[in-house]
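Please open the structure in your viewer and keep the selection tool at hand. This tour goes from stop to stop, saying what to select and what is there.

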2 protein chains.
Amino acid sequence: MEKMMAGTIVPEKKGSFELKEVAVPEINEDEVLVKVLKLGLDGTDREIGEGLYGQAPEGQGYLIPGHESLGVVEQVGKRVNGISAGELVVATVRRPDDCINCKSGESDMCVKGDYKERGIKGLDGYMAEYYKERPEYLVRIPNGLSNVAMMLEPLSIAEKAVMEVFAVQKRMIWEPKTAMVLGTGTVGLFAAMLLRLRGLEVVSVDRTSSNPVKDRIYSGFGITHVNSAETPIASIPEKLSKKIDVAVELTGNPAAVAEAFSLPGINGILCLLSVTGESYMYNMDIGRLNYDMVLGNKVVMGSVNSNIKHFLQGVEDMVAMEGKASGVLESMVTKRIKLADFKDYSVLGDRSQIKVVLDIGSA
Amino acid sequence: MEKMMAGTIVPEKKGSFELKEVAVPEINEDEVLVKVLKLGLDGTDREIGEGLYGQAPEGQGYLIPGHESLGVVEQVGKRVNGISAGELVVATVRRPDDCINCKSGESDMCVKGDYKERGIKGLDGYMAEYYKERPEYLVRIPNGLSNVAMMLEPLSIAEKAVMEVFAVQKRMIWEPKTAMVLGTGTVGLFAAMLLRLRGLEVVSVDRTSSNPVKDRIYSGFGITHVNSAETPIASIPEKLSKKIDVAVELTGNPAAVAEAFSLPGINGILCLLSVTGESYMYNMDIGRLNYDMVLGNKVVMGSVNSNIKHFLQGVEDMVAMEGKASGVLESMVTKRIKLADFKDYSVLGDRSQIKVVLDIGSA
């Protein structure tokens, strides 16, 4: 049995991360073996690393983490059609249960909650030299995206949010003009870029004044940046004389969430995307909020996860982003580490980083 | 010039209601003269009567109030096709401005706010023996609804809410099972009946234990009633072991609005329908609310007003309601007053009434 290097974690045990040798998975006739090239890391990885959650595959004492992958097809099972060795692929994350949404290809809308997630919940992820997968969970990547496609998973989260926003707003004739995106992590930057690609004016908000990588995105895409440490969130629309048609919230800060409720103008929509686990009591003017939402036909929606449709749209949009501002996606990768040099998740505590990527193999 | 009896109000002047003789409107070639048979009264009428708002037609010192009408076509202009004298009609309320939604027949989604509303804002309403109107704002009523169709306008508000809910939820595969309707005024009762007609289990919530008219609706439609004075709103889903797919809020009580935010289950939707003008500070767990909305893909939406599409759907549903529980609509009219006997809006302060109707003319 061949061996490979993999990162492993004992779920819910802080500091248990360890690189070790494990068996290379053996594929069935309907599966594909993928050699991992690059792996993006994010806040979910960090929280799993801190022992906050994560779930090992049944009967296995550890979990291989990692869900933002890019790999190359190494071997293809006999009964697999339409995918060949040498092709670049990204794997989706969630695996369906038998609920009505999962069975319809919408595992991101799972109503039952028995889904699994590679690298997070019940299934090994991609922080390893190889993984195996069924072809229906793999997305083919054009060679031009070989340096950036490990960010397709976080992009897919923004894609889902934007697609949900437009799906909801089909309830009426709607010609949105202005969007406001709170938070400039990877998903926030992607959401801002996507909304620009859709033709909206975009205001990007965080609590900083300058960052060379982000500034390059803002100028490349024509995005207005506002520092909310200087300008309170709720005052931004008036200050810019803008009616906000789409607000997207992904700061992870419940105070910002509370302020975001008042952002949408008439017929506008707020999409909540950040996960705020803890209780946060906030004194809210619910009478006024209700009045504004009713008389303005406004919507607030939550959005989580993504399905393969959002990954596929993401591939198209990555190409469009490269067309709009060449090199801008690659500039988001602010740190690269070799798998053999990766010791723990402390690097994710450095908030000046945008995307940290592990280099695992080469094509 | 022929004269007619009409109710009049000097807007924003409390206690200014007065019955007086005014001119019967003279129709243009593209208009229809309608003889008013019945007029429903609601909370908006009461607030206009109390001088809280309302706006007279330009250059006229008074407003004829009333927006829940049923009439019979008396006279048809030369250039009007497809509508004949003797037909029963209900008129819609809002008249469009030139915004994109209004121009598309969605005056209820007006983004500009320059719409007018008959009986409310800038145009005379229907508390008169006659009104004139262009045929595109009239909805034809089958004779079988001649005792109840003045409730088509409040029904249209519930129709819009339900249609919006289903339009928003087209974002996914969705098979809703359970709805909860907070508030049992006319619109609340209609919303509960509509959701039953759409095949959902419905829980109807108010702060009372028994009312003969409402009990007849609950038993005729198979609706479960819960008294929220005994069972706190937020605890109802758990108590009934129900996942709430659709919650509709129309209590007018901001504390109930705040509680309603936690009602929807995974993929669920809360539709806010009640108008709460005043500030009401509420200590809300916004961290938890955001977490639940994001991870559960939940939606909260506001809905106001209605357009002719909702009136037309309402006619169909009134027929279906009569088919399901004959006589139940008429039982909602708990008080009838002749126009000549109507002195002021104090009757609307009697909360035991469901629908108060003025008898104005006969066909």
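Begin by selecting Tyr280(B), which sits in the loop between β15 (264–272) and β16 (281–285) of chain B, where strands are DSSP runs of E with at least two residues and helices are runs of H or I with at least four, numbered from the N terminus. This is a predicted model, in which local features need pLDDT of at least 70 and side-chain atom pairs count only at pLDDT 80 or more, while totals for chains, interfaces and linings use all residues. Residues are numbered from 1 along each chain as its sequence is written, chains are lettered from A and ligands numbered from 1 in the order in which they are written, and side-chain values use heavy atoms, with hydrogens and water left out.

Next, select helix α3 (residues 152–169) and helix α4 (residues 186–197) of chain A, which pack at an angle of about 50 degrees with their axes 8 Å apart. Axes are lines fitted to C-alpha atoms, for helices over the stretch in contact, and angles run from 0 to 180 degrees between N-to-C directions. α3(A) and α4(A) are therefore oblique to each other (under 35 degrees counts as roughly parallel, over 145 as roughly antiparallel, 65 to 115 as roughly perpendicular, and the rest as oblique). Among the residues that make this contact are Ile157(A) and Val162(A) of α3(A), and Phe190(A) and Leu194(A) of α4(A).

The contact involves Leu189(A), Met193(A), Arg196(A) and Leu197(A) of α4(A) together with Lys214(A), Ile217(A), Tyr218(A) and Phe221(A) of α5(A).

Finally, select Ile141(A), Met332(A), Ile141(B) and Met332(B), the residues with the most contacts inside the largest nonpolar core, which has 116 residues (such a core is a set of buried Ala, Val, Leu, Ile, Met, Phe, Trp, Tyr and Cys residues joined through side-chain atoms within 4.5 Å). A second, separate core of 48 residues includes Ile236(A), Ala258(A), Leu270(A) and Met180(B).

Technical notes: Contact means heavy atoms within 4.5 Å. Buried means under 20% relative accessible area, exposed over 50%, partly exposed in between (1.4 Å probe, protein chains only).
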